Amino acid sequence: MTLFTTYPEAIEWIHSRLAFGVKPGLERMKWLMNRLSHPEQRIKAVHVAGTNGKGSTIAFTRSVLQAAGYSVGTFTSPFILTFNERISVNGTPIQDEEWLSLVNKVKPFVDELDQTELGAATEFEIITACAFAYFADVQQVDFVLLETGLGGRLDSTNVAVPILTAITSIGHDHMAILGDTLEQIASEKAGIIKDGIPMITAVHQREALAVIQNTAKEKNAACISLYDTCTFEHEQPTEAGERFTLRTPKRQYPQLETGLIGTHQRQNASLAVLLIEWLEQEGYMSVKEEQVYEGIRQAVWAGRFEKVKDHPPVYLDGAHNEEGITRLIETVQAHFSSKQVHVCFSALKDKPYKQMIPQLETISSSIHFVSFDFPRAESAEKLYTCSHLETKSYDDDPATVLELIQNRSDDPSAMILVTGSLYFISEIRNHILG
């Protein structure tokens, strides 16, 4: 049996499994978990699904738990900085040697699985199995925050046995796999709800919320709705983020400040506060009010309305579906109404960019369309033809974004907004920050 001796070999093998595509279903994961002595049952997991806001909600929750003195593992995707960050402890990605060791632990079982009638494990299934094995057997932490990859019901992470589940939002994304209507998408996300395990959600559309509530009822799981139980008062945003007052059934939090910019971050931060309150109520942890404030203020999440340069100000935001673009526009209008906004945009072929581009034009002084090196990336020219903005340009080379930034460096009225695919955002971020 061949095992790997270096980290690059191990990661190359994982990426080679991309050839097997996305194969929704849990049978292969259950088989792997059984061979690995069920690590998914030996962690204290909070399982988070949703169309948008999963990563930010996890970032806020992790930050508060850390402020209260707990150790926190996270499993998130896709990565923005390095592949390793998919599995992190207290916000720090695990080491190359740890990945190598995990892959060598999992690979023999994957090779065995390949020969069964269940078929080949996908890239995401292998990464998920590595995460469960890591948090159960290598680095025990107080809590593991698990982000679904796609959907929920048939997502690889859904073999977990969580202490709490959350659904952040429902929107139009991955419709070819999850369904055409909000109800169908909600039904897939609600698949993470477990018998008797409470569910907390920030979903606001009545038809989608009804699906989630009905699923929770069938599973005898308490369902706590953010918008039905809490109230918000929006206040003047700070330079670094949002400011608002939150009232939950338990407490009032005057003037909470987020470390993340974006009108939608009030929702994500509030959902995180509800998760924390529930963990405390059930006796899993205790937290002081000032630790909640500190955690919400100190949360960071790369690629989510993140400022990466000053002259001119350059912001990165991975708004990769219609709902993400809507919130991006709200944020620009709330924070940057006095600026000339120059947008750089790229998208994957399977995203509704024909709807996203006209939305973006409402805040743009100019748009530059680019492509990037990724199998599903759309060509810059195709994106360009969808735009009716007068000042527009395109180039398949993502390096032209850096030229555009350089050309605006002396313009005090300019702001550069790099948005679209998270894979694209990741590439530009690495170019700018090295």
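Colleague: Leaving aside its neighbours within four places in sequence, which residues is T122 in contact with?

Modeller: T122 is in contact with R17, F20, G21 and K23, once neighbours within four places in sequence are left aside. Contact means heavy atoms within 4.5 Å. This is a predicted model, in which local features need pLDDT of at least 70 and side-chain atom pairs count only at pLDDT 80 or more, while totals for chains, interfaces and linings use all residues. Residues are numbered from 1 along each chain as its sequence is written, and side-chain values use heavy atoms, with hydrogens and water left out.

Colleague: Where does T122 lie, and is T122 buried or exposed?

Modeller: T122 lies in the loop between α4 and α5. Helices (H or I, at least four residues) and strands (E, at least two) are DSSP runs, numbered from the N terminus. With a relative accessible area of 5%, T122 is buried. Buried means under 20% relative accessible area, exposed over 50%, and partly exposed in between, with a 1.4 Å probe and protein chains only.

Colleague: Which residues of helix α1 are buried?

Modeller: In α1 (residues 7-16), the buried residues are Y7, A10, I11, W13 and I14. They cover an arc of only 155° around the axis, so they are on the same side of α1. The arc is that of the directions from the helix axis to the C-beta atoms. These buried residues pack against α4 (96-114) and α5 (123-138). The face turned away from the buried side of α1 carries the exposed residues P8 and E12.

Colleague: And which residues are buried in α7?

Modeller: In helix α7 (residues 182-189), L182, I185, A186, E188 and K189 are buried. Their arc around the axis is only 160°, which puts them on the same side of α7.

Colleague: Changing topic, which domains does the domain assignment give?

Modeller: The assignment gives domain 1 (7-298) and domain 2 (306-433). Such bounds come from an automatic or database domain assignment. The centres of the two domains, taken over C-alpha atoms, are separated by 27 Å. In all, 18 residues of domain 1 are in contact with 17 residues of domain 2.

Colleague: Why does the second largest pocket lie between the domains?

Modeller: Domain 1 and domain 2 both give residues to the lining of the second largest pocket, so the pocket lies between them. On a 1 Å grid over the protein atoms alone, a pocket is an open set of points where a 1.4 Å probe fits, with protein on both sides within 12 Å along at least five of seven lines, and lining residues have an atom within 4 Å of a point.

Colleague: How many residues line the second largest pocket?

Modeller: The lining has 19 residues, of which H204, Y227, H264, Q267 and R327 lie nearest the centre of the pocket. About 390 Å³ of space lies in this pocket, a volume being the space filled by probe spheres set on the grid points, which are joined across faces, edges and corners. β9 (231-234), α10 (265-281) and α12 (322-335) each supply at least two lining residues; α12 gives the most, with four.

Colleague: How many of the lining residues are nonpolar, polar and charged?

Modeller: Three are nonpolar, 12 polar and four charged. Ala, Val, Leu, Ile, Met, Phe, Trp, Tyr, Cys and Pro count as nonpolar, Asp, Glu, Lys and Arg as charged, and the others, Gly among them, as polar.

Colleague: Now the backbone: what kind of peptide bond joins H311 and P312?

Modeller: That bond is cis, with omega about -5°, and P312 is found in the loop between β12 (306-309) and β13 (314-317). The peptide bond from S77 to P78 is also cis, with omega near -10°.

Colleague: What is phi of F305?

Modeller: Phi of F305 is near 40°, a positive value in a residue other than glycine. F305 lies in the loop between α11 (289-298) and β12 and counts as buried at 3% relative accessibility. H38 likewise has a positive phi, of about 50°, although it is not a glycine; at 25% relative accessibility, H38 counts as partly exposed.
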